[in-house]
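Subject: Structure handover

Hello,

Here is the structure we spoke about, with notes on what came out of it. Please read the notes with the model open beside them.

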Amino acid sequence: MRKTLSQIEDMYAERDRRIAELGTLQRVDIRDLKGFERTGRFIIADKLWNRLTEDAKNALLHDEHAHVRSCARISAMKAS
C-alpha cells in the first residue's frame with residue numbers, strides 16, 4: 001500500500017523529533033541508531049558525530065549505504 005503525502009510528512013516529522021531528542025543526550029550509542037532509515041543515519045553522522053560513542057561511529061563508518069559512510073568519514077575528518 002502506498003503512503004499518502006500526509007503519512008510521509010508524519011514519518012519525516014517523527015524522524016526529526018527523534019534526532020532532536022538524540023541531540024539532547026550527552027552520548028549517542030549504537031542502540032540509539034536503530035530504526036533510522038538512511039537519511040536519518042546521514043543526519044546523525046553529520047550533526048551528532050561528536051556525541052556518538054565509538055561503537056556508533058564505527059557503525060556509521062561501515063553503514064550499508066555509501067552516503068552514510070561518506071558523511072561519517074567527512075565528520076570523522078572534521079573532528080580530528
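Predicted model: local features only at pLDDT ≥ 70, side-chain atom pairs only at ≥ 80, totals over all residues.

Overall picture

Read from the N terminus, the elements of the chain follow the order α-α-α-α. Along the principal axes, the C-alpha atoms fill a box of roughly 45 × 25 × 20 Å. The chain has 80 residues, and 29% of them are buried. Taking contacts between residues at least 6 apart in sequence, 52% link residues that are at least 24 apart.

Helices H2 and H4

Helix H2 covers residues 38–47 and helix H4 covers residues 66–79; their axes come within 8 Å and cross at roughly 5 degrees. Angles under 35 degrees count as roughly parallel, and H2 and H4 are therefore roughly parallel to each other. On the H2 side the contact is made by Arg38, Arg41, Phe42, Ala45 and Asp46, and on the H4 side by His67, Val68, Cys71, Ala72 and Ser75. Sorted by class, this contact of H2 with H4 has five nonpolar, two polar and three charged residues.

Phenylalanine 42 sits in helix H2. Setting aside residues up to four places away in sequence, phenylalanine 42 touches His67, Val68 and Cys71. One of these, valine 68, is 26 residues from phenylalanine 42 in sequence, yet the two are 4.8 Å apart in space, C-alpha to C-alpha. Is phenylalanine 42 buried or partly exposed? Its relative accessible area is 33%, so phenylalanine 42 is partly exposed.

Arginine 69 belongs to helix H4. Its relative accessibility is 24%, so arginine 69 counts as partly exposed. Leaving out neighbours within four places in sequence, arginine 69 is in contact with Leu60, Leu61, His62, Asp63 and Glu64. Arginine 51 lies 18 residues from arginine 69 in sequence and 17 Å from it in space, C-alpha to C-alpha.

Helix H3 spans 54–61, and threonine 53 lies in the loop between H2 and H3. The cut-off for a buried residue is under 20% relative accessible area. Threonine 53 has 17%, so threonine 53 is buried. Not counting residues up to four places away in sequence, threonine 53 touches Arg27, Val28, Asp29 and Ile30.

Alanine 56 is in helix H3. With a relative accessibility of 0%, alanine 56 counts as buried. Which residues does alanine 56 touch, not counting those up to four places away in sequence? They are Val28, Asp29, Ile30 and Leu33. Aspartate 32 is 24 residues away from alanine 56 along the chain, and their C-alpha atoms are separated by 8.4 Å.

The loop between H1 and H2

Helix H1 runs over 5–22, and glutamate 37 is found in the loop between H1 and H2. Glutamate 37 has a relative accessibility of 33%, so glutamate 37 counts as partly exposed. Glutamate 37 and leucine 61 are 24 residues apart in sequence and 15 Å apart in space, again from C-alpha to C-alpha.

Rings

How many aromatic pairs does the structure hold? The count is zero.

After that, please look at threonine 53 in the loop between H2 and H3, and then at alanine 56 in helix H3.

Regards

Technical notes: Residues numbered from 1 in each chain as written. Heavy atoms only, no water. Axes fitted to C-alpha atoms, helices over the stretch in contact; angles between N-to-C directions. Helix = DSSP H or I, 4+ residues; strand = E, 2+ residues; numbered from the N terminus. Parallel < 35°, antiparallel > 145°, perpendicular 65-115°, else oblique. Contact = heavy atoms within 4.5 Å. Nonpolar A, V, L, I, M, F, W, Y, C, P; charged D, E, K, R; others polar. Phe/Tyr/Trp six-rings, centres within 6.5 Å; stacked < 30°, edge-to-face > 60°. Buried < 20%, exposed > 50% of the residue type's maximum accessible area, 1.4 Å probe, protein only.
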